[in-house]
Amino acid sequence: MSFFGSFKKKKSAQRAKDRLNVAITLDRDSNLYPYLDELKIEIMQIVQKYSTIRDVRINKEKVDDQDILDIEIVLEEGTKT
Amino acid sequence: MGIIFSIISGKGGVGKTTTAANLAIGTAMQGKKTVVVDFDIGQRNLDMILGLENRVVYDITHVMDGDVRLRQALIPFKKNENLYFLAASQTKDKTVLSKERVEKVLSELKKEFEYIFIDAPAGIESGFEHAVYFADAVIVVVNPEVSSIRDSDRAIGIVDAKSKKSQEGKRVAKYLIINRINPDLVQKGEMLSSEDILDILEIDLLGKVPEDQIIIEASNTGHPVILNEKSDAGKAFKRISRRLCGEEVPFVDIESVKHSGLLKSIKKMFQ
């Protein structure tokens with residue numbers, strides 16, 4: 001870094017790049033599974049046939065280039081499983 | 001059989017229509033039989049940019065409705081005999097486009113022309129999907145600023161999901177044109193460089209076009225900038241057109257400031 005540069009803020013182009021990298025990664029991620037909300041509702045409907053359900057949590061993961069949907073079904077407290 | 005290029009962008013106002021007009025004239029200047037089609041239904045603009053607004057009698061909707069033959073709706077570009085233009089309709093009803101109707105017109109154009117350019121509506125508009133569905137390649141026009149870049153990534157996502165080639169498991173070629181580059185700002189670190197933009201979007205570069213005040217004059221008069229031998233933007237469009245015709249044209253470093261004067265050399269002493 002130059003003598004003058006060390007006193008300056010980061011240039012705006014660099015900030016733009018950093019911000020865009022984050023925003024676009026998130027955009028791409030959220031567009032990867034456009035059906036997630038519907039999936040969640042359908043899973044709830046199915047589980048409700050058998051038990052009382054509090055929530056369905058779906059986590060998106062990536063392990064070694066493998067896309068994983070981790071689905072967690074949370075039942076009401078006191079529900080027999 | 002011709003090749004269909006769809007000129008797309010994420011948001012509007014980045015120079016898509018100007019790019020479509022100039023590239024079409026450019027390939028026509030290279031001797032290719034070319035047609036440029038305005039697909040921005042309800043927002044006809046390409047006719048103005050080409051200086052052909054007084055010549056439009058029939059438009060693409062008339063052709064799709066079977067009111068007239070394609071030949072009757074094609075408007076010759078006075079300044080180059082290889083180029084024809086097909087206008088968009090000014091109707092507000094964008095549902096006039098349907099996959100079958102679009103395919104029929106495009107397959108007819110493919111028989112007649114070597115290069116078919118589609119000036120698509122912006123990525124969020126309805127009608128966008130029709131404009132990219134049959135594309136052999138898409139040309140993404142982007143400005144070096146955050147909203148344009150972000151939106152174009154989403155438009156590219158739609159192309160990847162919705163075009164015919166993608167759905168058949170084939171790859172749609174995608175190329176990037178960076179438009180309105182201001183070399184001074186890039187040098188100062190206050191504008192994203194083309195390298196940065198390519199890093200972010202991860203697609204191939206087709207060309208860089210500098211900001212050029214003559215562009216406004218060109219659209220004012222309906223005399224596209226590629227016809228102006230002296231214009232930097234015009235030269236850039238000419239290089240891109242030659243690339244589209246298969247020529248290997250080296251990329252010009254338009255981002256380096258030309259006037260490396262005294263001030264810059266003094267600055268260098270302190271770096």
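## Chains and model

In this predicted model, 16 residues of chain A are in contact with 15 residues of chain B; contact means C-beta atoms, placed from the backbone, within 7 Å. The chain A side of that contact has 7 nonpolar, 5 polar and 4 charged residues. Here Ala, Val, Leu, Ile, Met, Phe, Trp, Tyr, Cys and Pro count as nonpolar, Asp, Glu, Lys and Arg as charged, and the others, Gly among them, as polar.

Residues are numbered from 1 along each chain as its sequence is written, while chains are lettered from A and ligands numbered from 1 in the order in which they are written. Because the model is predicted, local features need pLDDT of at least 70 and side-chain atom pairs count only at pLDDT 80 or more, whereas totals for chains, interfaces and linings use all residues.

## The sheet of chain B

Chain B holds an open sheet of 8 strands in the order 3-4-2-5-1-6-7-8, with mixed pairing. Strands (E, at least two residues) and helices (H or I, at least four) are DSSP runs, numbered from the N terminus. Two strands pair if DSSP finds at least two bridges between them. Strand 3 (75-76) and strand 8 (204-210) of chain B each have a single partner strand, so one side of each lacks a neighbour in the sheet.

Strand 3 of chain B pairs with strand 4 (residues 83-86) of chain B in the antiparallel sense, over 2 bridges. There, Pro76(B) has Tyr84(B) as its bridge partner. Strand 2 (residues 34-38) of chain B runs parallel to strand 4 of chain B, joined by 4 bridges. Val35(B) stands opposite Tyr84(B) in this pairing. Another 5 bridges join strand 2 of chain B to strand 5 (residues 115-119) of chain B, again parallel. Val36(B) stands opposite Phe117(B).

## Burial and the core

Strand 2 of chain B is mostly covered, with 5 of its 5 residues buried. Buried means 20 or more other C-beta atoms within 10 Å of the residue's own, exposed means 12 or fewer, and partly exposed lies in between. Thr34(B), Val36(B) and Asp38(B) are buried on one side of strand 2, Val35(B) and Val37(B) on the other.

The largest nonpolar core has 80 residues, of which Ile116(B), Phe117(B) and Ile118(B) touch the most other members. Such a core is a set of buried Ala, Val, Leu, Ile, Met, Phe, Trp, Tyr and Cys residues joined through C-beta atoms within 7 Å. Helix 1 (residues 16-29) of chain B gives the most to this core, with 6 residues. Beyond four places in sequence, Ile116(B) touches residues including Ile4(B), Val35(B), Val37(B) and Leu106(B).

## Helices

Helix 1 of chain B has 13 of its 14 residues buried. Helix 1 of chain B reaches 20 Å from first C-alpha to last, close to the 20 Å expected; the expected span is 1.5 Å times one less than the number of residues. Gly31(B), with a positive phi near 90°, follows helix 1 of chain B.

Helix 10 (residues 194-201) of chain B lies across strand 6 (137-142), strand 7 (173-181) and strand 8 of chain B, at about 145° to strand 7. Helix 12 (residues 232-244) of chain B lies across strands 7 and 8 of chain B, at about 160° to strand 8. Axes are lines fitted to C-alpha atoms, for helices over the stretch in contact, with angles from 0 to 180 degrees between N-to-C directions.

## Exposed loop residues

Most residues other than glycine have a negative phi. Asp64(A) has a positive phi, near 50°. Asp64(A) sits in the loop between strand 1 (53-63) and strand 2 (66-75) of chain A, and is exposed, with 5 other C-beta atoms within 10 Å. Glu202(B) also has a positive phi, near 55°. Its place is the loop between helix 10 and strand 8 of chain B.

Key:
Contact = placed C-beta atoms within 7 Å.
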